Amino acid sequence: MPEIARGIVPAGKRLLPLIFLLAVGAPLAAKADKGIVDVRALPRLEGAVEDSSRTQSYSMSYSVPTVVALSSSATKKLLAADGWIQYARPLDEKSTSLTFKKAQHGLRVSFSQGLGRPDQSVVNYTADRITANLPFPLDATDIVFDQNRPYLGCIAPLALDAALDFFRKEMAAIGWKPLSASDATARWPNAELTETVQNGVRAYYSHDDGDGFYRQRPIMLTLLRRDDGRTGVEIRVAPFTLPETLEADSEMAGLPRPKPTRTAKSSGGTDSVRREMEVAVIAELPATLAFYRRELASRSWAEETSGAVVTPDHVTLKFSSAEQSATLTLGRKYDLTVVSLVTQVKEATLAARARAKKEADEKFMKDAAVMARQVIAADEVRRVAQAANLSDAPLRALADSSTPVPLPENAEAIKFDGADGRLEFNSSSSVRAVAAFYRGSLTSQGWKEKPSIINQTNMAVMEFSKGGKSVSLTAMQMGPKVRVSADGSGLVMANARIAAKSGAAGAKESNEPASKATDEALEAEADSVLPVPKQRTMRTIGTGKMPGSDAPFRRELEASVPATLNSVLVFYRSELGKRGWQETAEGAVVKPDQVQLAFTSPDGPATLKLGRRNGETSVVLAQKYPAAAATADVVPKPGQSKLMFGNLGTSEAMVSINKQTIKVAAGAGGPRSPRPPMIDLPPGKYQYALKIAGGQARNNQIEIGAGDTWGVMIGPGGDVLPLQMY
């Protein structure tokens, strides 16, 4: 067997296994991160139960059968015995989390109460990377450390000379080396390394990239001899490396903020009476002061000389603008400049704003009152025009009616609930004709009428009684129809619920053109804000808008055209298309005697309703303007309707609707009143009762649709005018 020299590896027997081991070991070594401690190897409190589902090499948690306070105290002792030194972060001294350092490793420990177990606590270990390591003197106290800038402040239990020797040795062991004056001034011409420190020493160090360090700026070590024989220690980034001119970061509460900052917080907004901002700036005090003087001056703030305090470590200055005053305070803490900036709107400005608001409110309410009177006047004109189309001719009873009280021959949209004793229908006859019909027919059947103070051309309320039963009827002009609603024990029928069909005998309207109706092409009126044919016999336009504003949030046109319904429909489809309106299929109804269409327009949604009345085609065209309505705050919540109440009378009114009672003060909606009351309701029909102070309750009804806003305006005599506002 040939001899083999010592130290030589036989290629046939050892080389292949060696290559294999190197190949396997290389990736494992590459994955190791000596800057991060493996928390799985750290000591744990007695009785610890690990949450293995959350365990990583850099993070883990475990529970122990002790409360948080005891667990925190025990963890400090446990880690200290393992060589970990506790410290606080700058400006984070009140944190409940604990921070530790051991050699080049960092550790953060937090605590929480056990889930549903106040007698237990959960301990969380999280590894911290120290990117700029500094040595801690043994048994040092009051340690404040930032591992990133870096910063170190503490009290060393050593004499000044011993402390200096410690840092020279330990700084060199970490890789820090003394910074020469030539190296410093080569990059920072303003660097001054020869200054002396009274009762202490100062030294400068630099560190090359590597071992976690990257582009580390030089640091300044300052040691101060204390009266108790110990040494005060501060290590911070050398001041001459910090920027002399600070750039602006994003504003906070509308106030300037420099960068870089360690912490920042603020309260208030740009329109607040008082604003406060506090920031900790990573810069020297002179640079920070220069930043605020520059930024405040650019915002038209003037610096005041009275009360000014400017020292190397503290600044207090006052500033003023046309409407506000400000106090700027700068101070030093650790290696940071702490800034407090407080602004306050001046009393004279607040008084001027209050006067302006009061004047604007008064103008708003005055304009609203004028608009309300205009709307009421326009509605009265429209009501009179509509009433002219209502017949005063005597009515006959509808044959074969199954209701407990007779129905007039032209009753439409009949709804009768015999179980609840309620009846509703529409009529094309006048309020006077409907009231005369019921007074005559019910009196002849033995019903006795109770006198009522409401007996007007647009509304009549009648109360009848017979044999212990009662019936209350209300006839109210609602647009081109009279709406009749009735309730009472006299309408109750056991096990009866009848839904009468609209269009019963005598209750029909013809779409056949009268002698004056034509099929000729219709022309548009040139100056109308909403399109309407020239060949009209009646036209009214109602507009809802903010007082003092020309921007409407709703317009409604009503017209009567002596032409066939089909001709009018063709006219509107053509004219609206020219204006960029697009017809939608949602909810569309097209019948020989009725049309209801929805449109989208550049300004908002719109609806067109056509019908037949007295041989003519009736038109109702309404358009909404959502942007203006949102500004006016009259848009209801999604899927809801809104009611607004106004009272032009001199007495308080009470409105009861949907199990709510709303007080409407005298003059609500007038020039000297606050914003009138409003409520949101689900869409539907609502009965409501109105009671004026010193008077009897009156029953009314209103129907509101989803997305609609209606105003209920109470007149001086107690009359109610419902107006669709949006």
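## Aromatic pairs

Two rings of Phe, Tyr or Trp, the last taken by its six-membered ring, are paired if their centres lie within 6.5 Å, and a pair with planes over 60 degrees apart counts as edge-to-face. By this rule the count comes to 12 aromatic pairs in this structure, which is a predicted model. One of them joins tyrosine 87 and phenylalanine 145, with 5.2 Å from centre to centre and 85° between the planes, an edge-to-face arrangement. This pair links distant parts of the chain, since tyrosine 87 belongs to strand E3 (residues 85-87) and phenylalanine 145 to strand E7 (residues 141-146), 58 residues apart. Tyrosine 87 counts as buried at 4% relative accessibility, and phenylalanine 145 counts as buried at 0%.

Phenylalanine 145 also pairs edge-to-face with phenylalanine 136, at 5.2 Å centre to centre and with 80° between the planes. Phenylalanine 136, with a relative accessibility of 9%, counts as buried. Tyr87, Phe136 and Phe145 form one aromatic cluster, and the charged end of lysine 101 sits over the ring of phenylalanine 136, 4.5 Å from the centre of that ring.

## Overall make-up of the chain

The protein chain holds nine helices and 40 strands, and buried residues make up 42% of its 726 residues. Among the contacts between residues at least 6 apart in sequence, 54% join residues that are at least 24 apart.

In soluble globular proteins, nonpolar side chains tend to be buried together. Here the largest nonpolar core has 27 residues, and those with the most contacts inside it are Leu407, Leu423, Phe425, Tyr438 and Leu473. At least two residues of this core come from each of strand E21 (412-417), strand E22 (422-427), helix H7 (431-444), strand E24 (459-466), strand E25 (469-478) and strand E26 (481-487). H7 gives the most to this core, with six residues.

Once its neighbours within four places in sequence are left aside, tyrosine 438 is in contact with Val405, Pro406, Leu407, Pro408, Phe425, Thr443, Met462, Phe464 and Leu473. A second, separate core has 26 residues, including Tyr87, Leu134, Ile143 and Leu223; Tyr87 is also a member of the aromatic cluster with Phe136 and Phe145.

Strand E7, which carries phenylalanine 145, belongs to an open sheet of six strands in the order E7-E8-E12-E11-E10-E9, with antiparallel pairing. E7 and strand E9 (177-178) stand at the edges, each with a single partner strand, so one side of each is left without a neighbour in the sheet. Within this sheet, strand E11 (residues 219-225) and strand E12 (residues 231-237) pair in the antiparallel sense over seven bridges, and isoleucine 219 stands opposite valine 237 in E12.

## Backbone features in loops

Between E7 and strand E8 (151-156) lies the loop that contains proline 150, and a cis peptide bond with omega of about 0° joins arginine 149 to this proline. A cis peptide bond also joins lysine 259 and proline 260, with omega of about 10°; proline 260 lies in the loop between strand E14 (258-259) and strand E15 (261-267).

Aspartate 139, in the loop between strand E6 (117-129) and E7, has a phi near 65°, a positive value in a residue other than glycine. Alanine 253, in the loop between strand E13 (247-248) and E14, likewise has a positive phi, of about 55°, although it is not a glycine. Aspartate 139 counts as exposed at 59% relative accessibility, whereas alanine 253 counts as buried at 14%.

At 1.5 Å a residue, the 42 residues of helix H6 (residues 347-388) should span 62 Å, and the end C-alpha atoms are 61 Å apart, which agrees. Buried residues of H6 include Thr349, Met365, Asp367, Met371, Asp379, Arg382, Arg383 and Gln386.

Strand E37 (residues 684-692) pairs with strand E34 (residues 653-657) in the antiparallel sense over five bridges, and the bridge partner of methionine 654 is lysine 691 in E37. E37 is also joined by eight bridges to strand E38 (residues 697-704), again running antiparallel, with glutamine 701 in E38 as the bridge partner of glutamine 687. E37 and E38 form a hairpin with four residues between them, and glycine 694 in the turn has a positive phi of about 85°.

How values were computed. Residues are numbered from 1 along each chain as its sequence is written. This is a predicted model: local features need pLDDT of at least 70, side-chain atom pairs count only at pLDDT 80 or more; totals for chains, interfaces and linings use all residues. Side-chain values use heavy atoms; hydrogens and water are left out. Rings of Phe, Tyr and Trp (its six-membered ring) pair if their centres lie within 6.5 Å; planes under 30 degrees apart count as stacked, over 60 as edge-to-face and the rest as tilted. Buried means under 20% relative accessible area, exposed over 50%, partly exposed in between (1.4 Å probe, protein chains only). A charge sits over a ring if NZ of Lys or CZ of Arg is within 6 Å of the ring centre and within 35 degrees of the ring normal. The expected span of a helix is 1.5 Å times one less than its number of residues. Two strands pair if DSSP finds at least two bridges between them. A nonpolar core is a set of buried Ala, Val, Leu, Ile, Met, Phe, Trp, Tyr and Cys residues joined through side-chain atoms within 4.5 Å. Contact means heavy atoms within 4.5 Å.
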